[in-house]
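Let's take a walk through this structure together, one piece at a time. Keep the 3D view handy as you read.

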Amino acid sequence: MADRMEITVNGKTVGVQKDSYLLAAVTDAGFEVPTLCHHKDLTPGGSCRLCLCEVEDGGRKKLVTACNYPVRGPVTVRTDTAEIAQHRKILAEMYLGRWPGVPVVQMIARECGVTTSRFASEITDDAPNACILCGHCVRACDEFMIERVLEFAGRGIKRHLTMPFGEVDHHCVTCSSCAYVCPTGAIEIVDDKNRPLDAKAIRDHGMKVNAEMATLDSKQCRMREVGTANIVDVMDAYDLLPVHNYKFGKHPEAKKLYSTTLKAEYFTQGAADACWRGCSMACAKAVDGFTLKTGPYKGQQVLVDGPEYETAAGAANMGCFDGDFCVEFNFYCDTYGIDTISAATAIAFAMEVFEAGVITTKETGGIELRFGAADEALTLLHQMADGEGFGVDVGQGIRWMKEKWGKDGEHAAFLQDIGMEVKGLEFSEYVTKESLAQQGGYGFAIKGPQHDEAWLIFMDMVNKQIPTFEDKAEALHYFPLFRTWFGLMGLCKIVWNDVVPADNAVQEEAHKIPGHVRNYWKFFEGLTGIELDEQKMLDQSARVYNLQRILCRMLGFGTRKDDMVPYRAAGPVTREEYESRADRYDGQLADVVGVDPAGKSTEEKMKILRDFREGQYEKLADAVYRRRGWTEDGVPKVETLAALGIDLPELVEVIKADQ
Amino acid sequence: MASACKVKAGDLGKIADRVNASFGRYKAMLMVCTGTACVSARSFSIRDRLALKIAEKGIADDYLVVGTGCNGFCAVGPIIVVQPEGVFYQRVTDKDLDEILEQHLVGGKPVERLLYEDPATGKVHTRMDEIEFFGKQQLIALRNKGIIDPENIDHYIARGGYAALGKVLEAGDPEAVIREVIDSGIRGRGGGGFPAGIKWQSGRRAAGERGEVPYVVCNADEGDPGAYMDRSIIETDPHTVLEGMLIGAFALGAREGFIYIRKEYPLALVRLEKAIEQARSYGFLGPDVLGSGFAFDVSIHRGAGAFVCGESTALMASMSGRVGEPRAKYVHNVEYGYRDRPTVLNNVETWATIPVIMDRGASWFASIGTGDVAGDPWAGSSGTKAFSLVGNIANTGLVEVPMGITLREIIFDIGGGIPNGRSFKAVQTGGPSGGCIPASKLDLEIDFDSLSEAGSMMGSGGLIVMDDQTCMVDVARYFIDFLVDESCGKCTPCREGLFALKRILERICRGEGEEGDVQFLEELCGTIGATSLCQLGATAVNPVMSTLRYFREEYEEHIRDHRCRAGVCKELITYRIVADPCTGCLACLKPCPTQAITGEKKKVHVIDEEKCIKCGICREVCTFDAVEVV
């Protein structure tokens, strides 16, 4: 890589990344330099000056601090010249003179060959837990938590740690990061009001999350910067962004909904806006002072909470590549109490039905409901809320619309294919055609096609971590249980996989992000004292999951036919769709299905592909049910309930007939 | 204002002609200095009363009163200069105005008692250009001092102001501007001495590579005690700073500029605000500068007065609303400065000089000063430098002289030497973290490099002159004390090290110095200088290092002999009345705050050592030099 270069440290050659800090290179080369202000998870402080090194660059020698010196050329570095040793001695002596009782100071002083100090004075503080002004806490408050409640005040020797105006600041979220990174114990937690069983275990793992947010998020999903909207950019790039009722996966105008655009033109609250004050990810974003163009609040300036990924992608699904529309749609959905996903998917469906000529302005009450008709979509949303006009139809959802317009039989099959709902719930905003795993993720989800149970599209299509059929079936067992477990504990799942540990890729079963799963177990263990492993966690969850499926069954759903997805979710329904990705589909016919596409009409090829893909889905269903201990029709077996210890008579009663 | 009202480049000459023609109609113009020093001596009142009296007399069509910026000769203010003949009135009060009006304006005869008398020669000078203080000066940054009303943009235009900007915009070649600035050899007047053109070039390159719009910043956070060059430039000629920034912004492709000025410069702030307002109304700042399509505007950021905020990275932190602390400069501001954009920061004097360089050309500027900077701006120090001349010197004031002038010329020719019959001991250059240069170096030709070699620095241009009653250990202690207060405290060597220096120096001044102290001071200065995070710490050791280098024997006398030869360090001295010269006049008895002096009229007085607190008042009031310090 062009950005890598070689430098010499004490005569040894080391490869380094351009612009990385020298300290890492020195350490990599196997040398140690003393420091009292550096922390591995925080930006360099550069204040203790102990990590002094001599850098020779183009014949000129200079002293630099290794912690914050960015390597930008093939420099020659010495870490321990006589001059450096002399300066370090004096610096260590300064520390020892001011804070003689602090163990880390004593240790560094010993390393620098200092045992007594000429710097003792009236400001000498011999407490073993004195604050040595390293600034870890100040940086942790800012970088871990984005709070900046702690700062130094006072110049020169009057420098001291404080909260604003020397008072306890109510903005402090009591996250304890400051105490965690303090090297001397100067910051102490006096009362842990939640009284967890093992606060340290919880803190150890919570701080890992904080540190990853501070150091990795900006290089990974940028959740702090743009929230889940970052996914718009990725999905468009991977042909997975729903466009025109899931017909396509990308669009030339999608950039208008990219997180970069939202950040530059809409998001106004760069600061932390979290679900709870202690969250170090704080992924929620907002648009301040937005002037509404339609509806009951037309002309007013409002604050809009969002847009998140699904809302922006929903706009794309309706073909409305317009930030203003997206934000206004977001605002009114929130205000009316309508889910942005269901609304967008339902309107996108109505748009396609209108464009296909199944319905006309006669049914829509004069609304020209074409893809991209942003004003009309907003009109429809207001009608849905008011229970007026065409809004009454669309507001009752896709399953209802399908039945109404398919009654005559002529369009029933088409409407079934393109009506993106399962169990009566609208699809959330991912194109699943090329991801069998995500089709299953949606289809087998107990409460319908939302991605809360199994969001596999990233690991399947972007990271390609579950390539085989068996991998996908296993994922459809593990992830719904794992994610149900999050829900049971009331824990956020975004910190599980939106940022991953730096070394995740080399872990076994990397797609599960084992480092982060362990965080959750340890958190549970710290709270309850109950030790957890993968099987115990899955068992806890499986009891609830099976119960949910039985409840589903009681409500008239919960069998194999209810888990089937509309064909739009699995493959191209229309000629236009097939031909827009002809190379991909033709290739699959040849390579996967084993049929030569040459000389065949599009309709013939579509038929072959459809048979194949629907067959795959059925096979997936067999495998998933088997793995879950359910019957071929997708109903939990009594023996499964027995194994989980929930074979209660009233439950068995519900599923008895299905065995 | 509609764009039709805006001034185009071609209109500048017309405005200049109109203003100059209007000046030509007056028989005389009375230039009243309204720089801060004269203002503190009531020159606003003088300016206003003079104008009122002229109006009352009905001669307002013949005489114009102009309040100007600092004349420079602050020691003799308030100053009125009657132009065009250049009659120089000094120490003017309200009471003198009628006389000036009647005798001079009406009667045609200058008021002799208000003229300047050279204390050295006893000669009375009528005209300003006869006075030696002004003789060796060469004015570039301060070219308009005493000549224009800083609050009137037309006055600046009449002196050729904004013409250089017009020329630059017309040529439309930013690279050529940068080449010109490099070729001129101008080095940063803020103290660092980094070639301004090279800084601009790096800023332009970084902005181009990253596709970012850069910023320009003017550092007006002059914080050195006793230094007031930058304040005076703004008070005297704010538009030259704006014009310099405009030229720089054009060269860099910047659209926004900031002036960081300390809040305790109220007069400069008011004049700057007015200048910006006027420049906007003329269209010199705004979306279409001089009708060229180039857009640039300036806003003011007021600093709260921390010395460290003069350091560029601390300044930018402060501008961003963060604590004014410096950061490591391994990545320079020209790459990642204010708001992480490429930022070019120069100080007031540098910006003020730019229009003249563009107007008169790089080679003209390069021909002034030391070294041959034609091929390499590092090879010398071109142009002029403004200095504020303070301390034990006859002519306190502000001067601008060509680089390469000797200290002797500045102190003795321009500055009039040491007053009160005392002798020169040292001059401190470069502010609190500069060094003290002894008499043996008086013939040093001063420029950036020679001062560094002498263990001091150019700094922003403060010159504090010290006479033989100055204790050099005490001077070092004083400056370190200032720096202990002003160190931000972020890095260990500056925070802990300066405090340790202060304690040792105080101990030595108390007569409690120990063997080994001097070596420890040297050791400590070595580490503070080499390892501090920013230049405040790195240069803070200069006062100690330079006094150790040139006045080491004074340290040794304090430590070994418990003696302060200058008679400053109280614990080491005793006041005594010498019998011979004492006339028994009783003059010293009354002011003594502790009644330590006893005596009768016409009898030798005696100081009770027990009671004496060594305040030195007796010595000051004694007109017979009978009080001695031993």
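Predicted model: local features only at pLDDT ≥ 70, side-chain atom pairs only at ≥ 80, totals over all residues.

Now let's look at a pair of helices. In general, two packed helices are described by the angle between their axes and the distance between the axes. In chain B, helix 9 (residues 196-210) packs with helix 11 (residues 238-252) at an angle of about 45°, and their axes lie 9 Å apart. Because of that angle, helix 9 of chain B counts as oblique to helix 11 of chain B. So who touches whom? From helix 9 of chain B come B:Trp200, B:Gly203, B:Arg204 and B:Ala207, and they meet B:Gly248, B:Ala251 and B:Leu252 of helix 11 of chain B. Sort the residues of this contact by type and you get four nonpolar, two polar and one charged.

Next, step back to where the chains meet. The contact draws 28 residues from chain A and 27 residues from chain B. On the side of chain A that touches chain B, strand 4 (60-65), helix 2 (82-98) and strand 6 (151-153) each supply at least two residues. Helix 2 of chain A gives the most to that side, with six residues. By type, the residues on this side of chain A divide into 13 nonpolar, eight polar and seven charged.

Terms used. Residues numbered from 1 in each chain as written. Chains lettered and ligands numbered in written order. Axes fitted to C-alpha atoms, helices over the stretch in contact; angles between N-to-C directions. Helix = DSSP H or I, 4+ residues; strand = E, 2+ residues; numbered from the N terminus. Parallel < 35°, antiparallel > 145°, perpendicular 65-115°, else oblique. Contact = placed C-beta atoms within 7 Å. Nonpolar A, V, L, I, M, F, W, Y, C, P; charged D, E, K, R; others polar.
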